[in-house]
Amino acid sequence: MNKFVMVLSVALSLATPSLSADNSALIRLTDREDLFGWEAVGRLNHSSGNYCSGTLIANNLVLTAAHCVYDKKTKQLNAPSSFTFQAGLRDGKFIEQAKAAKIAVHTGYNLNVKKSWDTVRHDVALIMLEKSISSFTASPFNIHTGVEAGNKVNVVSYGRGRDKALSWQRDCSVTNRYERLMQFNCNVTFGSSGAPVFAKEGRSWRILSIISVGHKKGKNTISYGMELPKIVSELKKNLTHNGSYTSGRQTTQARRLVVGGNKNASGAKFIKN
C-alpha cells in the first residue's frame, strides 16, 4: 500500500477530540493594510454560531468544504439562507458581506462515510451569494492548475482561538500527493475547514486546494485537501445552468446541485493521532 494512503487511513480512522495548534508561524491580519490582496478570503458563518473559512472565486461564488454546509446530526444540507459570508472579517469589521442563495455539493461527497479517501477528494462546496461582492473591495482568486509535492504553499484561514481575524501562514508545503489527494504541513485547526491553500502560478497566488481534514503529529499539524479544477468546474456549471431546486428537495434536471434544508453547520473536522 502507498505510504501516503497508509498515513491517511490512520488519520481518517481516528476520533475527533480537541486540537490545539502551534501558532508560532502565523501572521494575524489585524489592520486593513494587512488584508491587502487577501480580502476575498472570509468567514462563512452559520446562524447557529458555527463557522468555516471560505474564499471568493467569482464576485458571487464562495468556495468552501462540503462538510461545512451540512447538519452533522441530521446529515442534511442546511438552508442557504442560514449562511452569511463575510469577506475579510477582522475584529467585528468586514469588507463586505452577503447571504447565501444556493449551495452545490458534488455527488461524490458522502457525509455518512467519514473514513474514506473519496470523502476528502469530494469535500468541496460552492455557494452562490444573493448579491455580488465588488472586485474593487475583494478581488476573487482563480483556481490553480496543479503543483508537485514539495512545492511551497501558504494558507489563510480562521480557526478556533483565532477566529476574529484571518491568520496567514506564508511558508508551508505540499508534503505528498496521491490520486487527487494532497497532504500539507500547514498550521490549521478547527474552523480552518474550507480554508484556501495558495500556490504561485506565474506571478499570481491561486487556490491549489482547500483544507478538509487534519491531525496532530507531535507539535505539528498534518492536513489534507484535494485537487480542485475538475470538481469546481462541475459545481460552477450546476449553479449557473440549473435553477429548478427548492429547499431540501431535488428535481431530476440537475443531480449535482442541492439547495439546502435544515440547520446547524458542522464546523471543521479535525483529528488527532
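**A tour of the two disulfides**

The torsion about the S-S bond of Cys 52 and Cys 68 is about -85 degrees, so this disulfide (a pair of cysteine sulfur atoms within 2.5 Å) is left-handed. Before going further, bear in mind that this is a predicted model, in which local features need pLDDT of at least 70, side-chain atom pairs count only at pLDDT 80 or more, and totals for chains, interfaces and linings use all residues. Residues are numbered from 1 along each chain as its sequence is written, and side-chain values use heavy atoms, with hydrogens and water left out.

Keep Cys 52 and Cys 68 selected: their S to S distance is 2.1 Å. Colouring by secondary structure places Cys 52 in strand E3 (residues 51–58) and Cys 68 in the loop between strand E4 (61–64) and strand E5 (83–87), so that the pair links distant parts of the chain, 16 residues apart; strands here are DSSP runs of E, at least two residues, numbered from the N terminus. Cys 52, at 2% relative accessibility, counts as buried, meaning under 20% relative accessible area with a 1.4 Å probe and protein chains only, and Cys 68, at 1%, counts as buried as well.

Next, select Cys 172 and Cys 186, which form a disulfide with their sulfur atoms 2.1 Å apart. This link has 85 degrees about the S-S bond and is right-handed. The pair again links distant parts of the chain, with Cys 172 in strand E9 (residues 167–178) and Cys 186, 14 residues apart from it, in the loop between strand E10 (181–184) and strand E11 (196–201). Both Cys 172 and Cys 186 are buried.

Finally, display both bonds together: the structure holds two disulfides, and with the bonded cysteines numbered in sequence order the pairing is 1-2, 3-4.

Key. Helices (H or I, at least four residues) and strands (E, at least two) are DSSP runs, numbered from the N terminus. Buried means under 20% relative accessible area, exposed over 50%, partly exposed in between (1.4 Å probe, protein chains only).
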